[in-house]
Amino acid sequence: MINPNNRPISQFPFLFMAVLAFLLCSCTTKKNQGFEGILATADSLANAMQYNDSAVRLLEQVGDSMLRQDEATKMAYKLMYIKAYDRLKQTSDDEDEILDIVKYYQKKGNNLLLPVALYYAGRYSVKQHDIPAALKYFHQAHDLIALDSTNFLNGKICSQLGQLYSKQMLYEESRKHFEDAFHYSMASKDTVGSIWNIRDIGGSYQMVGDIATCDTYLHKALRLAEEKRDTMMVRNILCSLADNNIEMERYDSAMVYLRPLLTNVHKSVESAIYTNASRIYYHQGKLDSALYYIGKVLDVGNIYGKKVAYRNRTRIDLKRVILRTMYCISTPSTASRLRKP
């Protein structure tokens, strides 16, 4: 995208970084205000998903200076560093310090940063597979800001709660949180978040067998993602539509959604793409193709994809054993044919 002055928008984060680095070096009497401005800019860059890497670079540039400041500045910097890396979908070196950061803000009674710290403590707990702790932190964070309907974090918290309840097969509870997430995302004008919420609401209907309603929500999410021209969201929702059509036993339709993704497999959804391809070919009886994509899943898939892959590979092996056994029973051996008069 080009702005009216013909300058690529992607250059603006780097201009921010250059200006802020200059301010950092030149500020003297207003040093704390300068640091607060840098953290605020990094926060804005992290919230704008396309600039996540710029937020990380900015924070890394000023890291040494930040960590020489007072405890409040250091804690705010560490929290922002964790947030920027999380939004980049990577693990930061400071991530395991999040619980200490939570305790600091609980002690200081910081109503602005405590919910943020609690949210990332919940994210950290999910990665540690400590679901009870994650639920506790997310609920605590939401309780602090629930009345502020325009707070960007509300939608993120409810979405995380929906995901966790879904994994525990509490689908009605998960849908309630996804619907709450959607309303908060709309109130805070988080368009990207609202599209993900629509997709997740649809997924919650699939989990209880309401495939038709799921299909309606997924097509709505796809239309909005295409209008926004967000290729990452489009890829993800196409995968979900392929999955839903598999559940409806419409394998040709499922492949229509999946085929464009197979021609250009993106790492962010490669596990889902290969898993769905293996399922489609398995149900179509194209076992060699199914085994090919099962191998792909076992190489690069996530834990859920690998679970499906192992199950379908076992089914294919059993099917082939049964077919060979039936063939041997129905076909006389050469020796027995020679013995016939």
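Tutor: We shall take several features in turn, with the general idea before the case. Please bear in mind that this is a predicted model.

Student: Which residues does Ile 237 touch, not counting residues up to four places away in sequence?

Tutor: With those neighbours left out, Ile 237 touches Ile 195, Arg 199, Leu 218, Ala 221, Leu 222 and Ala 225.

Student: Which nonpolar residues form a patch on the surface?

Tutor: Ile 322, Leu 323 and Met 326 form such a patch, and their accessible area together is about 310 Å². Leu 323 lies in helix α17, which covers residues 303–330.

Student: How many disulfides are there?

Tutor: A disulfide is a covalent bond between the sulfur atoms of two cysteines. In this model the count comes to zero. As for individual cysteines, Cys 158 is buried, with a relative accessible area of 1%, and Cys 239 is buried at 4%.

Student: I now turn to charged side chains. How many salt bridges does the structure hold?

Tutor: For a salt bridge, one looks for a side-chain nitrogen of Lys or Arg within 4 Å of a carboxyl oxygen of Asp or Glu. The structure holds 10 salt bridges. One of them joins Lys 176 and Asp 180, at 3.3 Å from N to O. These two residues are separated by about one helical turn, because they are four residues apart in helix α10. Lys 176 is partly exposed at 42% relative accessibility, and Asp 180 is partly exposed at 26%.

Student: Where in the chain do Asp 288 and Arg 320 lie?

Tutor: The side chains of Asp 288 and Arg 320 meet in a salt bridge of 2.7 Å, N to O. This pair links distant parts of the chain, with Asp 288 in helix α16 and Arg 320 in helix α17, 32 residues apart. Asp 288 counts as exposed, at 59% relative accessibility, whereas Arg 320 counts as partly exposed, at 28%.

Student: Is Glu 270, the partner of Lys 267 in a salt bridge, buried or exposed?

Tutor: Glu 270 is buried, with a relative accessible area of 13%, while Lys 267 is exposed at 67%. The closest N and O atoms of this pair are 3.6 Å apart. Salt bridges may also form networks, and one such network links Asp 243, Glu 247 and Arg 279.

Student: What is the phi of Met 169?

Tutor: Most residues other than glycine have a negative phi. Met 169, however, has a positive phi near 65 degrees. Met 169 lies in the loop between α9 and α10 and is exposed, with a relative accessible area of 61%. Glu 249 also has a positive phi, about 60 degrees. The loop between α13 and α14 holds Glu 249, which counts as exposed at 59% relative accessibility.

Conventions: Residues numbered from 1 in each chain as written. Predicted model: local features only at pLDDT ≥ 70, side-chain atom pairs only at ≥ 80, totals over all residues. Heavy atoms only, no water. Patch = residues over 30% accessible without salt bridge, like charges linked within 9 Å, V, L, I, M, F, W, Y side chains within 5 Å. Areas by Shrake-Rupley, 256 points an atom, 1.4 Å probe, with all protein chains shown as cover. Contact = heavy atoms within 4.5 Å. Disulfide = S-S within 2.5 Å. Buried < 20%, exposed > 50% of the residue type's maximum accessible area, 1.4 Å probe, protein only.
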